[in-house]
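Take a look at the chain below. We will follow its charged side chains, then its aromatic rings.

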Amino acid sequence: QVQLVLSGGGLVQAGGSLRLSCAASGRTFSIMGWFRQAPGKEREFVAATSWSGGTTSYADSVKGRFAIVRDNAKNTVDLQMNSLKPEDTALYYCAASTVLTTIVSQYNYWGQGTQVTVSS
């Protein structure tokens with residue numbers, strides 16, 4: 001059974017940092033990504049990485065602040081979030097795909113989501 005289990009998240013003040021972790025089980029995936037969804041908004045792409053970690057992609061809104069880190073030995077992918085802003089507040093999801101893409105529908109497996117709240 002394929003599962004993506006998230007940990008991390010919580011409440012942090014603006015300017016602070018949080019680290020999210022996603023552990024995959026059941027199989028390995030060539031592409032792992034992070035998405036987020038704020039209340040009343042559509043789910044949006046945050047970051048993605050290839051199997052080797054040599055190819056990454058970031059949304060413009062998080063470039064220079066967030067880093068996606070993959071550990072294939074543990075079958076995990078982390079999202080290190082620095083310099084957090086109130087507009088980063090959202091439910092964060094990890095997801096898996098076979099294509100390095102920003103398109104939500106091309107990710108076949110999803111974790112349960114974890115809340116990140118950034119206070120001003």
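Partly exposed means a relative accessible area between the two limits: buried is under 20%, exposed is over 50%. Tyrosine 109 has 31% relative accessibility, so tyrosine 109 counts as partly exposed. Keep those limits in mind. Keep in mind, too, that this model is predicted.

Start with charge. Side chains of opposite charge can pair when their charged atoms come close. The cut-off for a salt bridge is a nitrogen of Lys or Arg within 4 Å of a carboxyl oxygen of Asp or Glu. By this rule there are five salt bridges.

One of them joins aspartate 78 and arginine 19. Their N to O distance is 3.0 Å. These partners come from distant parts of the chain, 59 residues apart. Aspartate 78 belongs to strand β8, residues 76–81. Arginine 19 belongs to strand β3, residues 18–25. Arginine 19 has 40%, so arginine 19 is partly exposed.

Now move to aspartate 88. Its side chain meets that of arginine 36 in a salt bridge, 2.9 Å from N to O. Again the pair links distant parts of the chain, here 52 residues apart. Arginine 36 is in strand β4, residues 31–37. Aspartate 88 is in the loop between β8 and β9. Both arginine 36 and aspartate 88 are buried.

Aspartate 88 also forms a salt bridge with arginine 65. Their closest N and O atoms are 2.7 Å apart. Arginine 65 lies in the loop between β6 and β7, and aspartate 88 in the loop between β8 and β9, so this pair ties together parts that are 23 residues apart in sequence. Arginine 65 is buried, like aspartate 88.

Next come the rings. A pair of aromatic rings is described by the distance of the centres and the angle of the planes. A search of the whole structure finds six aromatic pairs. Among them are phenylalanine 29 and tyrosine 109, whose centres are 5.2 Å apart. Their planes stand at 50°, and the pair is tilted. Phenylalanine 29 is in the loop between β3 and β4, while tyrosine 109 is in strand β10, so the pair ties together parts that are 80 residues apart in sequence. Phenylalanine 29 is buried, because its relative accessible area is 3%.

Tyrosine 93 and tryptophan 110 make another aromatic pair. What is the angle between the planes here? It is 80° between tyrosine 93 and tryptophan 110, with 6.2 Å from centre to centre. An angle over 60 degrees counts as edge-to-face, so that is the name for this pair. Tyrosine 93 is in strand β9 and tryptophan 110 in strand β10, 17 residues apart. Tyrosine 93 has a relative accessible area of 10%, so tyrosine 93 is buried. Tryptophan 110 has 27%, so tryptophan 110 is partly exposed.

Phe35, Phe45, Tyr93, Tyr107 and Trp110 form one aromatic cluster.

Finally, charge meets ring. The charged end of arginine 43 sits over the ring of tyrosine 93, 3.7 Å from its centre. Arginine 43 also lies over the face of tryptophan 110, at 4.8 Å from the ring centre.

Technical notes:
Residues numbered from 1 in each chain as written. Predicted model: local features only at pLDDT ≥ 70, side-chain atom pairs only at ≥ 80, totals over all residues. Heavy atoms only, no water. Helix = DSSP H or I, 4+ residues; strand = E, 2+ residues; numbered from the N terminus. Buried < 20%, exposed > 50% of the residue type's maximum accessible area, 1.4 Å probe, protein only. Phe/Tyr/Trp six-rings, centres within 6.5 Å; stacked < 30°, edge-to-face > 60°. Lys NZ or Arg CZ within 6 Å of the ring centre and 35° of its normal.
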